[in-house]
Amino acid sequence: MRTQFTKKMLNELPLIQAKSILSPYMANGWFGAHYNMNLYRGCPHGCIYCFSRNECYQIDQFDQVRGKKDALSILERELKTKKKGGAVLTGSMSDPYNPFEAEQRTMRGALALFNQMHYGAIILTKSDLVLRDIDLLCAIKQHSPVAVNFTITCASDSLGAVLEPYVCPSSARFKAIKALTEAGIPCGILLMPVLPFINDTLENIIGIVEQAALSGAKWIEAGYGFCVTLRANQRTYFYEQLDRLYPGMKERYKKAFGGAYACYSPHDKELKKQFQIACDQHHILYQSEAMARLIHQGYEVVQLSFFD
């Protein structure tokens, strides 16, 4: 069942103090990004596997979204004082297009600043709300790298509704990819995690590749293998959800993986082989370096001159 966010709920976003919004400069981050940004803290998606629940990230009351007080003012100040420009990645810890963003428009404000100050934007999300900002993404693309990555772990909406209960359906995310790519915005898919004994079927993996091709996605990032990583708080929550949704599955995980951090599908090697074959057939990239090159292609000279 998908959650319903009322107008009253969306107007009650708690705010927390933040000293900074951008991470320090890095030469070559995920998808070739140079900075990382999180405008919100916590996430309402309810995905049973979310790695951001790990205790190492110290996010208390993870399911409650909180905004950051004066986020755009802080961001503007930081962008102005950075000695190097580049592309900003957002969404690694908290989806910038959570339901509150429809009213708050903080992410839209951030994109406006990126456009004004000639920074690029690399977005990770599970929401089709990003379509609202096509105009700004197209404007940024005129001078800097832009990319939108949608996490899609299930080819079918029915399975997605179980694993990711409060997110727009996979089909809506594929439609968003199609709309963005038709507008000239390069898009890809984050096919992670893959949960052993649940969505680690050849039908699911190939189904995602085929729908990615139909939607115009340029790449699929599947990490180093078809697995789910589990730590502390995240493992506890995940096992609680397994008990609720798949009785007996927790015991199967414990028997198969013990306390391992990375829990690989027993079909990992075959899935990886068939995944790569399918991607090659549909001309979809699956190597991280190639994705970064595609995203930044044509902007290297501009960026180097700006850095100088």
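**Entry: a buried arginine.** I began with Arg173, which counts as buried at 1% relative accessibility; buried means under 20% relative accessible area, exposed over 50% and partly exposed in between, with a 1.4 Å probe and protein chains only. Arg173 makes a salt bridge with Glu164, and their closest N and O atoms are 2.9 Å apart. The rule for a salt bridge is a side-chain nitrogen of Lys or Arg within 4 Å of a carboxyl oxygen of Asp or Glu. Glu164 is buried too, with a relative accessible area of 0%.

**Entry: ground rules.** I note that this is a predicted model, where local features need pLDDT of at least 70 and side-chain atom pairs count only at pLDDT 80 or more, while totals for chains, interfaces and linings use all residues. Residues are numbered from 1 along each chain as its sequence is written, and side-chain values use heavy atoms, with hydrogens and water left out.

**Entry: other salt bridges.** How many salt bridges does the rule give? I get a count of nine. One of them is Lys178 to Glu182, with the closest N and O atoms 3.3 Å apart. These two residues sit four apart in helix H7, so about one helical turn separates them. Lys178 is partly exposed at 38% relative accessibility, and Glu182 is exposed, with a relative accessible area of 59%. Salt bridges that share partners also join Glu101, Arg108, Arg132, Asp133 and Asp135 into one network. Within it I checked Arg132 and Asp133, whose side chains meet at 2.9 Å, N to O. Arg132 is partly exposed, with a relative accessible area of 24%, whereas Asp133 is buried at 0%.

**Entry: Ser170.** I then looked up Ser170, found in helix H7 (residues 170-182). Is Ser170 buried or exposed? It is buried, with a relative accessible area of 1%. Leaving aside neighbours within four places in sequence, Ser170 is in contact (heavy atoms within 4.5 Å) with Ile152, Cys154, Ser156 and Asp157. Its C-alpha atom is separated by 9.3 Å from that of Ile208, 38 residues apart along the chain.

**Entry: Lys68.** Lys68 lies in strand S4. Not counting residues up to four places away in sequence, it touches Leu15, Ile16, Ala18, Ile21, Asn38, Leu39 and Tyr40. Ile16 is also its bridge partner.

Entry: S4 (residues 66-68) pairs with S1 in the parallel sense over two bridges; two strands pair if DSSP finds at least two bridges between them. Three strands form an open sheet in the order S1-S4-S3, with mixed pairing. S1 (15-16) and S3 (40-41) stand at the edges with a single partner strand each, so one side of each has no neighbour in the sheet.

**Entry: strand S8.** In S8 (residues 187-190), Cys187 and Ile189 point one way and Gly188 and Leu190 the other, and all are buried. S7 (residues 146-151) runs parallel to S8, joined by four bridges, and Asn149 stands opposite Gly188. S8 also pairs in the parallel sense with S9 (residues 219-221), over three bridges, with Glu221 as the bridge partner of Leu190.

**Entry: rings.** I count twelve aromatic pairs in the structure. Rings of Phe, Tyr and Trp (its six-membered ring) pair if their centres lie within 6.5 Å; planes under 30 degrees apart count as stacked, over 60 as edge-to-face and the rest as tilted. Tyr239 and Tyr253 are edge-to-face, 6.5 Å centre to centre with 70° between the planes. Tyr239 lies in helix H9 (residues 232-245) and Tyr253 in helix H10 (residues 249-257), so the pair ties together parts 14 residues apart in sequence. Both tyrosines, Tyr239 and Tyr253, are buried.
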